[in-house]
Amino acid sequence: MDYTVIIGLEVHVQLLTQTKIFCGCSSAFNPEQPNVQTCPTCLGLPGSLPVMNRRAFELAMKTALALNCEISPYTKWDRKQYYYPDLPKGYQISQYDLPFSHDGFVEIVIDAEAGTKRRVGIIRAHLEEDAGKNMHDESGRGLDSRVDLNRAGTPLLEIVSQPDLRAASEARQYLEELRLLLVYLGVSDCNMQEGSLRCDANVNLHVHPEPGQKVATPLVEIKNLNSFRNVELAIEHEVTRQWAEFQKTGLKIGDVPKTTRGWDAVRGATFAQRGKEDAADYRYFPDPDLVPVTVTQDEIDAVRASIGETPPARRNRYAVTWGLSDYDCRVIVDQERDFAEYFEAIATGCGDGKQAANWVTQDVLREMKDRKLSVAEFPISPAVLTDLLQRVLAKKVTIKSAREVFMDLLTAATDETPVPATVERVAEIIQSKGLEIVQDTGAISVAISAVIEKNPKAVADFKAGKQAAVGALIGQVMKQVKGADPAGVRELIIQQLNALL
Amino acid sequence: MADSLDRQPLSRETVVKVARLARLKLTPAEIDDYVGKLGQVLGYVEMLDEVDVTDIEPMVHAIELRNVFRADEVLPSLSRTDALKNAPKTDGVCFLVPQILDGGGSSA
Ligand SMILES: [Zn+2]
């Protein structure tokens, strides 16, 4: 008996507006000063009226289009009624049956080596308001909970995926791809510590008692996962738990209602949460305080035009323009926009995208991580690295020497008395270390002849078919002609040896 | 009052459920009272069922206005003192409510 894991994610993203969704209060994250960003509207005082923030709607639409969603020509807002201390009105303004967008997808790579992709459906993306923040007494003495309503009314985009994910690692991939897109679009900062991106996971199993048979286990929603790592761990734990539970009880979906669980990161386990009473009975109805929104094709086209290049489009362009591997395209684009722009400046500057990709994905990325530097802080500018790579491509220095120059530049630039990494410094280092490739083939030929004469055994080995014998000769030639290009030397040695045959 | 004959009377269970959802504590006598009174209100509204709405698009709003937006510009908020003024209980910084038991930092 085996099983398939079925996962769907609900992601809440705070949009990067200046103000809340229905009032002019600032939507800045401000936990140090509770309750200073409220007004009658977001406090739900009688007589106040919500008015839709145009920017919030535009950002939401931009995101939905980038998620390949269809935009509804007609949309409205509904009241979702429930009582909770962080919800001052006693209802949340959300979208029920006519969300502004639906039916999109996100593509993820589920097997990096094989390059297998999965298209994860987006059921809908809708615009709603955030609740405030409850702070619980942790003394164990049952003191009052404290409520900060600064966040109440912050615009939230809820993105609901189809249950298309088949492993905890896929859920993480999906979230990373989603975050990358949102950050590229500039619609959210996706700061999980500040709660700008939150995730709930719906998980169950399709058990196959016999091949071709399918029994679904009861649905579980894991709430308020606050890091991608925790999403992955919580789902992994939940899968194990549901499988054990099914083997013990045999309970199927429909035998029990959907349950809500929390994630205890310390214990590494999900736990049952007491369900909100009548939680499912939200009694949605259209909010009479807000009028519907209609969207024309022209407006959709205008927003679409403002999207710019999405991460998938950029990866694709790198593959087409520079002939980069799928893997390199991902490494570069997934580092977020400024890193990709760093790469592009060098690729364009030196004219060799593959060479540029090798350097930025290996040398630059490694040193950035080791030294905990962002691209902006990295002391070797695209212009300097371009200069260095141009010298490599013109065969003026070897790749090995270029790496030496690169490290020298970096060490000097991050020293206590830093020496800025400039194009002039590149020339200086090459000069002082004698790293310039000797182009004078005459001098090299003389050195090769001398080495061949002194090494009859290596010559005999070569004649006997041992190509490896050339290696020993290269080293000796290089010692005599400092700065020669080893690949060139190798070629010339083989030529001379062949002439002897 | 157009109390159509085929209308189901409002059940006690429905009244109890609605009261619970609205956080109202009703005595058995009050429940009986509302079964009758709410039932009458519903019966009155059900007169609308007599209107033929075949081929009429459902409307979600009584006024014909569309696309009312505001610019994303910060306006002054209330002072904290004013924001907390009407709350039954505060500590001068936050609203205070009886301890929330089911964990969770936020409901949305
Ligand atoms: Zn407000």
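Predicted model: local features only at pLDDT ≥ 70, side-chain atom pairs only at ≥ 80, totals over all residues.
1. Overall form of chain A. Chain A holds 16 helices and 18 strands. With a radius of gyration of 31 Å, well over the 23 Å that the globule rule gives for 501 residues, chain A is more spread out than a compact globule. Taken along the principal axes, its C-alpha atoms fill a box of roughly 100 × 60 × 55 Å. Buried residues make up 39% of the 501 in chain A. Among contacts in chain A with a separation of 6 or more, 70% are between residues 24 or more positions apart.

2. Domains of chain A. The chain is divided into domain 1 (2-298), domain 2 (309-433) and domain 3 (441-500). Between the C-alpha centres of domain 2 and domain 3 of chain A the distance is 33 Å.

3. Overall form of chain B. Three helices and two strands are found in chain B. Their order from the N terminus is α-α-β-α-β. Of its 108 residues, 11% count as buried.

4. The interface. Contacts between the chains involve 53 residues of chain A and 39 residues of chain B. On the chain A side, the elements that give two or more residues are β2 (52-53), α2 (54-66), β9 (133-135), β10 (145-148), β14 (220-225) and β18 (293-294). The largest share, four residues, comes from β10(A). By residue type, the side of chain A that touches chain B divides into 21 nonpolar, 18 polar and 14 charged.

5. Which strand of chain B is joined to β2(A)? The partner is β1 (residues 69-70) of chain B; the two strands run parallel and are joined by two bridges. Within this pairing, A:Met52 stands opposite B:Phe69 of β1(B).

6. The pairings of β14(A). Four bridges pair β14(A) with β12(A) in the antiparallel sense, and A:Val203 stands opposite A:Val220 of β14(A). Three bridges join β14(A) to β15 (residues 259-264) of chain A, and here the strands run parallel. A:Ile222 has A:Arg261 in β15(A) as its bridge partner. Together with helix α4 (residues 228-249) of chain A, β14(A) and β15(A) make a β-α-β unit that is left-handed.

7. A three-stranded sheet. In chain A an open sheet has the strand order β6-β5-β17, with antiparallel pairing. β6 (91-94) and β17 (285-286) of chain A stand at the edges with a single partner strand each, so one side of each is left without a neighbour in the sheet. The pairing of β5 (residues 78-81) with β17(A) consists of two bridges. A:Asp78 is placed opposite A:Pro286 of β17(A).

8. Positive phi values. Most residues other than glycine have a negative phi. Two residues of the model are noted here on that account. A:Cys190 has phi near 50 degrees and sits in the loop between α3 (168-185) and β12 (197-208) of chain A. With 19 other C-beta atoms within 10 Å, A:Cys190 is partly exposed. In chain B, phi of B:Arg23 is near 55 degrees. B:Arg23 belongs to the loop between α1 (12-21) and α2 (28-45) of chain B, and it is exposed, having 9 other C-beta atoms within 10 Å.

9. A loop residue in chain A. Is A:Leu324 buried or exposed? A:Leu324 has 25 other C-beta atoms within 10 Å and is therefore buried, although it lies in a loop, the one between α6 (311-322) and α7 (326-333) of chain A. Leaving aside residues up to four places away in sequence, A:Leu324 touches A:Tyr318, A:Ala319, A:Cys329, A:Gly353, A:Lys354 and A:Ala357. Of these contacts, the one with A:Lys354 spans 30 residues in sequence, with a C-alpha to C-alpha distance of 6.0 Å.

How values were computed: Residues numbered from 1 in each chain as written. Chains lettered and ligands numbered in written order. Contact = placed C-beta atoms within 7 Å. Nonpolar A, V, L, I, M, F, W, Y, C, P; charged D, E, K, R; others polar. Pairing = 2+ DSSP bridges. Buried ≥ 20, exposed ≤ 12 C-beta atoms within 10 Å, placed from the backbone. Right-handed = clockwise from strand over helix to strand, strands pointing away. Domains from an automatic or database assignment. Rg over C-alpha atoms; globule rule 2.2 N^0.38 Å.
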